[in-house]
Amino acid sequence: MSFTFEPARTRVVFGRGTAASVRAEAERLGATKALLIARHGGDRVAAELGPLLAARFTGATMHTPVEVTERALTLLREHGADCVVSVGGGSSTGLSKALSVRANVPQIILPTTYAGSEVTPVLGETASGLKKTRRDAAVQPDTVIYDVDLTLDLPLDITVTSALNALAHAVTARGNENPLIDAIATKAIEGVLHALAGNPSTVDARTELLRSAWLAGTCLASVPMGLHHKLAHVLGGSFGLPHAATHTALLSHTAPADLAERVHNAATRFGAATSLRELGIAESDLSRAAEIAEHPDALRVLTNAWHDAPAG
């Protein structure tokens, strides 16, 4: 056994009604003017920011296209914002990270889905049809405010695919030589699958999913990304597939045998797509996706996931 572990610097505030702390958290970071990145759910946070709110950007897009980041960066500079506050899913979080690292300002994330990326030093950006990922402590958010209440109106279909996105993060980390990461990953996996075994729309289930997403993201921050995430980024950045749904369609074909069936059953129980074919990618595009992924098993996994065929 051999490992190196460096705990993340992100401050986590978790509970119900915790969005009310956003102004205090911004002021703790020394902020005087905040750029708010938000579409749905942003009005409440805007009200809580009060006089700290300098401007609002509503154009966050999946896979963090650099041209969108440049538009938001222009707005940030025009208003002299010295902090970024993001409300939403992975698209909003990705844009917040991209802005924070470019403008050298702190960031506060309020997730409304179960992406988990809000506690990682990972940033994936898309330019010229290619999504490139980097791992850099400079993109690690300063504070994450998990407010269960912000997730209560998340539609069921997005809830399921988003939760399975979080599950993919934990699956990647399970079995890590670091016993802490292995334990956190195992806890996250069981939490997601337990919540999806019942009614994921209850407050208790939403709490368990949000907590598990935090745990899963914490794992991902400490391990290298494997084939699963490489394929998800290729399919999203180069072929425009939706991020969480792509994770869902891939996961039962990349997960270890003891989890693959449980993942597949959880997805099919709620009608989520379990094949890449259902997401609209052509079978003829698989070889190109495998070429971009540059992994010897990429085409085999992609083919199985396109047909929804068992591994092997």
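The model is predicted, so local features need pLDDT of at least 70 and side-chain atom pairs count only at pLDDT 80 or more, while totals for chains, interfaces and linings use all residues. Residues are numbered from 1 along each chain as its sequence is written, and side-chain values use heavy atoms, with hydrogens and water left out.

I begin with helix H4, residues 90–103. Helices here are DSSP runs of H or I with at least four residues, strands are runs of E with at least two, and both are numbered from the N terminus. At 1.5 Å a residue, the 14 residues of H4 should span 20 Å, and the end C-alpha atoms are 20 Å apart, which agrees. That expected span is 1.5 Å times one less than the number of residues.

How much of H4 is buried? The count is 10 of its 14 residues, so H4 is largely enclosed by the rest of the structure. Buried means under 20% relative accessible area, exposed means over 50%, and partly exposed lies in between, with a 1.4 Å probe and protein chains only. Among the buried residues are Thr93, Gly94 and Lys97. Their cover includes helix H3 (66–78) and strands S2 (34–38) and S4 (83–88). Just after H4, Asn104 takes a positive phi of about 55°.

I turn next to the largest nonpolar core, which has 40 residues. Such a core is a set of buried Ala, Val, Leu, Ile, Met, Phe, Trp, Tyr and Cys residues joined through side-chain atoms within 4.5 Å. Tyr114, Leu167, Ile189 and Leu196 touch the most other members. Elements supplying at least two residues each include strand S8 (143–147), helix H5 (156–173) and helix H6 (179–197).

For contacts, the criterion is heavy atoms within 4.5 Å. Not counting residues up to four places away in sequence, Leu167 touches Ile189, Val192, Leu193, Leu251 and Val263. Leu164, in helix H5, is buried at a relative accessible area of 0%. Beyond its neighbours within four places in sequence, Leu164 contacts Leu196, Thr248, Leu251 and Ala267.

Ser252 belongs to helix H9, residues 243–254, and is buried, with a relative accessible area of 9%. With residues up to four places away in sequence set aside, Ser252 touches Ala260, Val263 and His264.

Finally, the surface. Phe3 lies in the segment before strand S1 (11–15) and is partly exposed, with a relative accessible area of 41%.
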